[in-house]
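Hello,

Here is the structure I promised to pass on. My notes on the ligand and its surroundings follow below it.

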Amino acid sequence: MRLIKCKDYDEMSKTAAEMVAGQLLLKPASVLGLAAGSTPIGMYAKLVSMYEAGKVDFSEATAFNLDEYYPISRESDQSYYFYMERHLYSKVNLKSAHIPDGEADDAYSECENYDKMMETLGGIDLQILGIGGNGHIGFNEPGESLNAGTHITELTQSTIEANARFFESREQVPARAITMGIGSIMKARKILLLASGKNKREPLKKLLAGKITTASPVTILNLHPDVVIIADIEAIG
Ligand code: F6R
């Protein structure tokens, strides 16, 4: 596990964008695993600028997002689909982009199909992750056990509270989500974990301490052979 320390959010975003661009240069047909949330917004903005300047090309690349609220309409401006359209999908030339369907009638088949699709395309080359203040990755919340594959999950109260900032009220945050499981994330060939701000200090400290526990799902990354953490000073503490 490698830790890259950045002075601030902007440097973290730039460093991450350069690593994604490097991945695409080495393997243009990469399968990228992407995250939503506030952390990667700066990275997506840098990637869009690099794309507009002709410095990165997504034309052979495929993207799979980690998660989506359930149920939620794609048109809702709180959906991760809407977020990805706004920050990346509509602005670069990705060959194809996938996100769990928050409107699926049969969420169980949706989860199964999502895993199959990722496998068919050869699995994820580079997975971008943020961390929840409670240590979640994707929406794999702390608990007694962790799921391997894509599944439907109940969001914890702390995640609902943390994400309420994107909604008009806390009551509007969907209580469930479809998320890639820990197994899907761990199968990625390389993982890039981004952390910015004081509220990521605690989960980052737990990850760096090296003790693996389902109570802080991010700690599982200690078992992955190729993880790069890009964190700003506030998150490192
Ligand atoms: C988002 C996701 C979540 C976020 C995490 C941090 O697709 O899977 O795990 O990465 O909740 O969110 P922010 O970046 O908003 O602090």
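**The ligand and its pocket**

The side chain of T39 has an N or O atom 2.4 Å from an oxygen atom of the ligand, a polar contact in the sense of a pair of N or O atoms within 3.5 Å. The protein buries 95% of the 410 Å² that the ligand exposes when taken alone (Shrake-Rupley areas, 1.4 Å probe).

Before you read on: this is a predicted model, with local features needing pLDDT of at least 70 and side-chain atom pairs pLDDT 80 or more, while totals for chains, interfaces and linings use all residues. Numbering runs from 1 along each chain as its sequence is written, and side-chain values use heavy atoms, without hydrogens or water.

There are 15 residues around the ligand, and T39, D67, H136, G138 and K200 come nearest (near means a heavy atom within 4 Å). By class, this shell has five nonpolar, seven polar and three charged residues, with Gly counted as polar.

The ligand takes up the space of the largest pocket, whose volume is about 500 Å³. A pocket here is an open set of points on a 1 Å grid over the protein atoms alone, where a 1.4 Å probe fits, with protein on both sides within 12 Å along at least five of seven lines; lining residues have an atom within 4 Å of a point. A molecule sits in it if more than half of its atoms lie within 2 Å of its grid points. Of the 28 lining residues, I131, G132, H136, N163 and K200 are closest to the centre.

Best wishes

Notes. Polar contact = N/O pair within 3.5 Å; in protein donor to acceptor, adjacent residues only side chain to side chain. Points joined across faces, edges and corners; volume = space filled by probe spheres on them.
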